[in-house]
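Here's a quick tour of a protein model and the two molecules that come with it. Take a look at the picture, then work through the notes below.

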Amino acid sequence: MLSSTHTIPQKNIAIMGATGSIGDSTLSVVSQHPDLYNVVGVTGFSRLDKLLSICQQFEPSYVCVAKEKETSFAQMLSDAHLSCKILIGEQGLAELATLAEVDMVVAAIVGAAGLPSTLAAANAGKTILLANKEALVMAGELMIKAVKQSNAKLLPIDSEHNAIFQCLPTAVQQQRNTIHDDNHGIKKLWLTASGGPFLYKTLDDMKRASIAEAVKHPNWSMGQKISVDSATMMNKGLELIEASFLFDMPVSEIEVVIHPQSIVHSMVEYNDGSFLAQLGSPDMRTPIAHAMAYPNRISSGVERLDIFKLSNLNFVQPDLEKFKCLGLAYQAMQQGSYACIALNASNEIAVQAFLNGDIRLTDIADINEKVLLQAEKQPIGSLQAILAVDKLSREQAHQCIADLNA
Ligand SMILES: NC(=O)C1=CN([C@@H]2O[C@H](COP(=O)(O)OP(=O)(O)OC[C@H]3O[C@@H](n4cnc5c(N)ncnc54)[C@H](OP(=O)(O)O)[C@@H]3O)[C@@H](O)[C@H]2O)C=CC1
Ligand SMILES: CC(=O)[C@@H](O)[C@H](O)COP(=O)(O)O
Ligand SMILES: [Mn+2]
């Protein structure tokens with residue numbers, strides 16, 4: 001029997017954030033299909049030992065590290081008799097993401113640090129597998145414009161957005177038109193949310209939550225920042241903004257629904273009464289493999305979903321008083337791009353402060369709310385303008401943290 005992938009030419013991949021959780025899942029899929037994917041470049045930031053072992057296993061031609069790590073990593077490569085070219089810092093990230101030989105860029109750096117290289121890949125017309133939702137939250141309009149102008153392909157690997165993508169008509173998937181241009185009978189997008197580790201706890205429990213409790217996601221194994229975002233439901237707020245830009249849908253037509261089992265990864269509702277959903281085990285290798293092979297299908301190594309064991313799938317409305325961050329995302333989208341940048345920046349600072357043990361989990365929403373209130377309406381037309389709002393909002397968030405601890 002012919003394999004469904006027998007005609008796919010080998011693709012050269014750059015993995016931005018290869019040392020992280022999405023990096024792990026991507027490399028796992030790549031290692032199952034060495035004939036289909038060649039890792040041209042990888043990036044890391046603090047985990048140099050892990051980056052080295054990735055270089056040993058996948059032998060990329062390029063590796064990007066922070067400026068401060070260049071000398072020590074060069075020594076590590078030399079000790080390991082590896083000769084890949086070292087790229088440095090933010091410029092190195094953009095260089096890797098735009099290399100002529102790179103077909104596909106996996107955007108999996110966490111936070112605002114991932115924006116410039118993701119935008120560079122979009123401007124260079126690459127196929128982008130987007131995990132770094134913060135890039136779209138900060139620069140949705142700019143990113144989509146760059147994708148259109150350069151003919152880049154933007155394939156979501158965030159599980160919910162990948163699920164929605166899979167349930168959309170082919171014309172929309174292939175960027176021939178957007179839901180805004182022609183709604184294809186689409187009524188609403190349904191974004192599922194697990195509710196995180198505090199779904200069945202009170203706001204008082206959340207106030208007392210330890211770092212270990214907050215990062216213990218009930219269904220997914222992920223990096224620390226996104227795990228805290230899931231605990232506050234800021235993740236769903238960021239995903240709401242991400243979905244609005246990705247699918248050209250106003251947030252009023254995107255509804256968040258709590259689905260604690262994380263089996264239905266999101267849904268598209270059509271005017272004829274149909275709800276199309278994508279189901280699967282909660283393992284990122286499924287959306288990653290889907291995007292890597294799109295429009296074909298490859299195996300991912302994910303444990304098969306046992307349909308007969310799915311006796312209980314629940315769907316309930318989120319509590320916006322308990323999960324204030326979700327409401328803030330709707331508010332930021334109503335305000336405009338400047339407010340989304342401010343919210344994202346504040347959240348990154350507040351989450352890090354929580355992970356440092358400086359504030360309580362519930363302070364994150366209060367800090368985000370205060371920074372959002374201070375955000376000044378302004379047009380956002382360039383990366384420079386985005387970075388300026390980002391910088392100011394970070395300073396404001398630091399001030400809120402200092403005030404809390406005064
Ligand atoms: N994990 C998941 O299942 C999902 C993640 N996402 C999104 O994907 C992105 C990555 O998440 P995840 O893999 O969990 O995060 P991790 O924290 O596990 O990995 C983050 C990656 O970014 C690198 N990094 C961190 N800071 C910088 C910086 N300043 N400059 C350059 N590189 C940096 C890290 O390097 P190092 O480790 O060497 O320090 C690491 O490679 C996030 O935007 C997240 O929201 C979306 C859906 C699901
Ligand atoms: C795997 C993934 O895409 C994460 O964004 C996940 O969805 C987090 O789960 P919740 O934010 O729904 O708790
Ligand atoms: Mn997600």
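What you're looking at is a predicted model, where local features need pLDDT of at least 70, side-chain atom pairs count only at pLDDT 80 or more, and totals for chains, interfaces and linings use all residues. Residues are numbered from 1 along each chain as its sequence is written, while chains are lettered from A and ligands numbered from 1 in the order in which they are written.

**Domains**

- The chain is assigned domain 1 (11-157), domain 2 (158-333) and domain 3 (336-406), with bounds that come from an automatic or database domain assignment.
- Between the C-alpha centres of domain 1 and domain 2 there are 24 Å.
- Where these two touch, 25 residues come from domain 1 and 27 residues from domain 2; contact here means C-beta atoms, placed from the backbone, within 7 Å of each other.
- On the domain 1 side of that contact, α1, α6 and β7 (153-156) give two or more residues, and α1 has the largest share with seven residues.
- Helices (H or I, at least four residues) and strands (E, at least two) are DSSP runs, numbered from the N terminus.
- Sorted by class, that side of domain 1 holds 13 nonpolar, nine polar and three charged residues.
- For the classes, Ala, Val, Leu, Ile, Met, Phe, Trp, Tyr, Cys and Pro count as nonpolar, Asp, Glu, Lys and Arg as charged, and the others, Gly among them, as polar.

**Ligand 1**

- Where does ligand 1 lie? Domain 1 and domain 2 both give residues to its shell, so ligand 1 lies between them.
- The shell has 26 residues, and the closest are Gly-20, Phe-45, Ala-131, Met-222 and Gly-223; a residue is near a molecule if its C-beta atom, placed from the backbone, lies within 6 Å of it.
- Elements giving two or more residues to this shell are α1 (21-32), α6 (133-150) and α11 (224-232), and α1 gives the most, with three residues.
- By class, the shell around ligand 1 has twelve nonpolar, nine polar and five charged residues.

**Ligand 2**

- Around ligand 2 you'll find, among others, Asp-158, Ser-159, Glu-160, Trp-220 and Lys-236.
- Helices α7 (159-167) and α12 each supply at least two residues of this shell.
- The shell around ligand 2 splits into three nonpolar, five polar and three charged residues.

**Residues flagged in UniProt**

- An unreviewed UniProt entry lists Asp-158, Glu-160 and Glu-239 under "binding site"; such annotations may be inferred rather than shown by experiment.
- Those three span 82 residues in sequence, yet no two of their C-alpha atoms are more than 8.4 Å apart, so they gather at one spot.
- Asp-158 is in the loop between β7 and α7, and it counts as buried because it has 26 C-beta neighbours inside 10 Å.
- The cut-offs, using C-beta atoms placed from the backbone, are these: buried is 20 or more other C-beta atoms within 10 Å, exposed is 12 or fewer, and partly exposed is in between.
- Glu-239 sits in helix α12 and is buried, with 29 other C-beta atoms within 10 Å.
- Leaving out neighbours within four places in sequence, Glu-239 is in contact with Lys-133, Asp-158, Glu-160 and Leu-191.
- UniProt's unreviewed entry also gives "binding site" positions that include His-217 and Lys-236.
- His-217 is in the loop between α10 (211-214) and α11 and counts as partly exposed, with 19 C-beta neighbours inside 10 Å.
- Lys-236 belongs to helix α12 (residues 234-247), and is buried with 26 C-beta neighbours inside 10 Å.

**Strands around β10**

- Strand β10 (residues 264-270) is mostly covered, as five of its seven residues are buried.
- Strand β8 (residues 186-193) and β10 run antiparallel, joined by four bridges; strands pair if DSSP finds at least two bridges between them.
- Leu-189 has Val-268 in β10 as its bridge partner.
- β10 also runs antiparallel to strand β11 (residues 275-279), again with four bridges, and Met-267 stands opposite Ala-277 in β11.
- The hairpin of β10 and β11 has four residues between the strands, and Gly-273 there takes a positive phi near 100°.
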